[in-house]
Amino acid sequence: MHPTRVIGLMSGTSVDGIDAALVEIVGTDLDLKVELLAGETYPYPAELRERILAICADAAISMAELAEIDDAIALVFAQAAQNIQVGHPPATLIGSHGQTVYHRPPHFSGQVGRWGGGENQPSLGYSLQLGRGAVIARLTGITTISNFRVADIAIGGHGAPLVPRVDAYLLSHPQEGRCIQNIGGISNVAYLPPRRDHWLAQIRGWDTGPGNSLLDLAVQHFSNGAKSYDENGSWAASGTPCYPLVEQWLSQDYFHLPPPKSTGRELFGVTYLHQCLQDSQAYQLSPADVLATLTELTAASIVYSYRNFLPRMPERVLLCGGGSQNLYLKHRLELLLGKVAVLTTDEVGLSAAFKEAIAFAVLAYWKQLGIPGNLPAATGADQEVVLGEVHQVTGDW
Ligand SMILES: Nc1ncnc2c1ncn2[C@@H]1O[C@H](COP(=O)(O)OP(=O)(O)OP(=O)(O)O)[C@@H](O)[C@H]1O
Ligand SMILES: CC(=O)N[C@H]1[C@@H]2OC[C@@H](O2)[C@@H](O)[C@@H]1O[C@H](C)C(=O)O
């Protein structure tokens, strides 16, 4: 069987840039194989990034501005797709996640949803990714699959996390229970039991809470905008975590909600950080201490959720996403996890930096084959469903 050459495009909740992965894919499930031919991150133009972050922080914008930003994002995604192919044979398919600017999980009870849910009535989730696929298809001349989250949301799911099914086929192990822990702006986990009978039904996944989102905002605050993140975690490593504060922050409702669950910058964003900074005043913490405490919150919330919501602890945790490069955070996770081995997905042969982009290439490929992409246990959807909307190229541009 000939491999299919696919481009995966992703920009996550950190809004740092477009991760592009050019891959060759063969097989469908347990025989699925992905070879990464090229992976690159293309930073957003500074002004566009500022506008996206403003929308994520609830800035009011007109419909005309929304349309303009949607197309501006599609344009940089299309350029990323063009650039990643240079020096390689062209791809025949693009899977583009787009840029999440708003995410609202479904309401199940006691909350009023304006559309499709009165008081105590369930209402569907809502998740908006900008960078429309039609523009990407038009500009690249390549069939583009986008809007991956809507089909899952339409059947009661959160529309997130979607990567666990791809993780299952690329990273599960015959004898070993594994957690695949993505630490992006937001953190999410896929729990993969050993690959034995009924293992697929036992997979779990959810958003564990903040990854780097609060840390990045705090670094920008303390450095007056000179730094955007804590490289290798060295600033936090020079401080001391304030454990009473970690305890206080861990009492937040989200950490106690049983999965399936999802979250975003709507919760773990600017307002949340301001509250954290206010709380830390009572302890007279230095900037380094605050960063150490926020890093501890990320690590502790991950481990707390494993201990409370997993059927059993994994033998191994494989980290991915930008936070996997934060050595201090990795060290804290190792200490909190005790005997569990902590590695990165790079160490088992799958790029930690480009795994999410690779996953959207696989989801696009599955869409073309009619294979479901969600895992109801991870998203809360009523059933498995094929994900994504197809944008084909017809005629000349
Ligand atoms: N060397 C490093 N040291 C510490 N942190 C790092 C390093 N490199 C990247 N990061 C962190 O990783 C973040 C980017 O991670 P990533 O690209 O995985 O996020 P994302 O894909 O936007 O998020 P999400 O997975 O929530 O969608 C940066 O904002 C930074 O906080
Ligand atoms: C709505 C949205 O964009 N969610 C992202 C976000 O970033 C991490 C976490 O929250 C995860 O649930 C999801 O992305 C990954 C790619 C997913 O769907 O698996």
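Modeller: What follows goes from the annotated stretch to its strands, and then to the domains.

This is a predicted model, in which local features need pLDDT of at least 70, side-chain atom pairs count only at pLDDT 80 or more, and totals for chains, interfaces and linings use all residues. Residues are numbered from 1 along each chain as its sequence is written, while chains are lettered from A and ligands numbered from 1 in the order in which they are written.

The UniProt record, an unreviewed entry, places the feature "binding site" at G12, T13, S14, V15, D16, G17, I18 and D19. UniProt positions are given in the numbering used here, feature names are shortened, and annotations may be inferred rather than shown by experiment.

Start with T13. T13 sits in the loop between β1 (4-11) and β2 (17-26). Strands here are DSSP runs of E, at least two residues long, and helices are runs of H or I, at least four, both numbered from the N terminus. T13 counts as buried because it has 24 C-beta neighbours inside 10 Å. The cut-offs are 20 or more other C-beta atoms within 10 Å for buried, 12 or fewer for exposed, and partly exposed in between, with C-beta atoms placed from the backbone. Residues up to four places away in sequence aside, T13 touches T100, G184, G185, I186, S213, G264 and R265. Contact means that the C-beta atoms, placed from the backbone, lie within 7 Å.

G17 lies in strand β2. With 18 C-beta neighbours inside 10 Å, G17 counts as partly exposed. Its contacts, neighbours within four places in sequence left aside, are S11, T41, Y42, P43 and Y44. P43 in β3 also stands opposite G17.

Now the strands. β1 and β2 run antiparallel and are joined by seven bridges. Pairing requires at least two DSSP bridges between two strands. D19 in β2 is the bridge partner of M10. The hairpin of β1 and β2 has five residues between the strands, and V15 there takes a positive phi near 55 degrees. β2 is also joined to strand β3 (residues 33-43), by ten bridges, and this pair runs antiparallel. Their hairpin has six residues between the strands, and G27 takes a positive phi near 80 degrees. β2 is mostly covered, with seven of its ten residues buried.

L9 belongs to strand β1. L9 counts as buried, with 31 C-beta neighbours inside 10 Å. Among the residues that L9 touches, not counting those up to four places away in sequence, are I18, A20, F77, A357 and F360. S146 is 137 residues from L9 along the chain, yet their C-alpha atoms are separated by 9.7 Å.

Next, the domains. The protein is divided into domain 1 (4-159 + 354-391) and domain 2 (164-348), with bounds from an automatic or database domain assignment. Their C-alpha centres lie 22 Å apart. The contact takes 25 residues from domain 1 and 27 residues from domain 2. On the domain 1 side, β4 (93-104), α13 (355-369) and α14 (376-379) each supply at least two residues. α13 gives the most, with five residues.

Strand β7 (residues 178-183) and strand β8 (residues 186-192) run antiparallel, joined by six bridges. Q181 stands opposite V189 in β8.

How values were computed: Contact = placed C-beta atoms within 7 Å.
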